[in-house]
Amino acid sequence: MNPKSICPEHGPMPRTETKYGGRYGCNAPHCTVVCWDSETSLPGNQEVRDLRHACHKAFDPLWTKGHDWKRFKNRKEAYRWLCNLLQVEPAKAHIGMLNATQCRTLLSVIGSLTPSPKETV
């Protein structure tokens with residue numbers, strides 16, 4: 001059994017197809033654990049999912065074009081920084097694999113970034 005398809009609290013989760021790909025979701029009442037069927041996602045409850053969403057919202061502008069807060073020339077460079085920050089190997093340096101503590105660390109560091117010299121002019 002695919003370990004991604006197991007809710008840490010209730011066991012096996014059914015897989016459904018969405019327009020974004022396969023998704024596992026726990027059917028137990030009031031359980032919010034879900035996981036995408038990809039190499040960059042681990043099961044997470046609602047708190048972790050909300051934190052991961054906030055991380056993407058804060059992190060992605062650091063490497064995508066058209067954002068004032070861009071800090072990295074590309075995605076690869078940004079995720080290398082993420083590896084160093086969280087002390088994780090590259091295969092685990094994906095926001096969909098972060099736990100709540102790692103998400104909070106990332107959000108705190110991004111929140112403390114100061115504007116680059118060209119933004120203060």
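Predicted model: local features only at pLDDT ≥ 70, side-chain atom pairs only at ≥ 80, totals over all residues.

Analyst: One aromatic cluster is formed by Phe59, Phe72, Tyr79 and Trp81.

Two values characterise a pair of aromatic rings, namely the distance of the centres and the angle of the planes. Across the whole structure, a search finds three aromatic pairs. One of them joins phenylalanine 59 to tyrosine 79, with 4.9 Å centre to centre and 80° between the planes. This pair is classed as edge-to-face because its angle of 80° falls in the range over 60 degrees. The pair of phenylalanine 59 and tyrosine 79 also links distant parts of the chain, 20 residues apart. Phenylalanine 59 belongs to helix α1, residues 46-59, whereas tyrosine 79 belongs to helix α2, residues 75-86. Phenylalanine 59 has 0% relative accessibility and therefore counts as buried. Tyrosine 79, at 9% relative accessibility, likewise counts as buried.

Another pair consists of phenylalanine 72 and tryptophan 81, whose ring centres are 5.4 Å apart. The planes of these two rings form an angle of 45°, and the pair is tilted. Phenylalanine 72 is buried, since its relative accessible area is 12%, while tryptophan 81, with 22%, is partly exposed.

A further contact involves a charge and a ring. The charged end of arginine 23 sits over the ring of tryptophan 36, at 5.9 Å from the centre of that ring.

How values were computed:
Residues numbered from 1 in each chain as written. Heavy atoms only, no water. Phe/Tyr/Trp six-rings, centres within 6.5 Å; stacked < 30°, edge-to-face > 60°. Helix = DSSP H or I, 4+ residues; strand = E, 2+ residues; numbered from the N terminus. Buried < 20%, exposed > 50% of the residue type's maximum accessible area, 1.4 Å probe, protein only. Lys NZ or Arg CZ within 6 Å of the ring centre and 35° of its normal.
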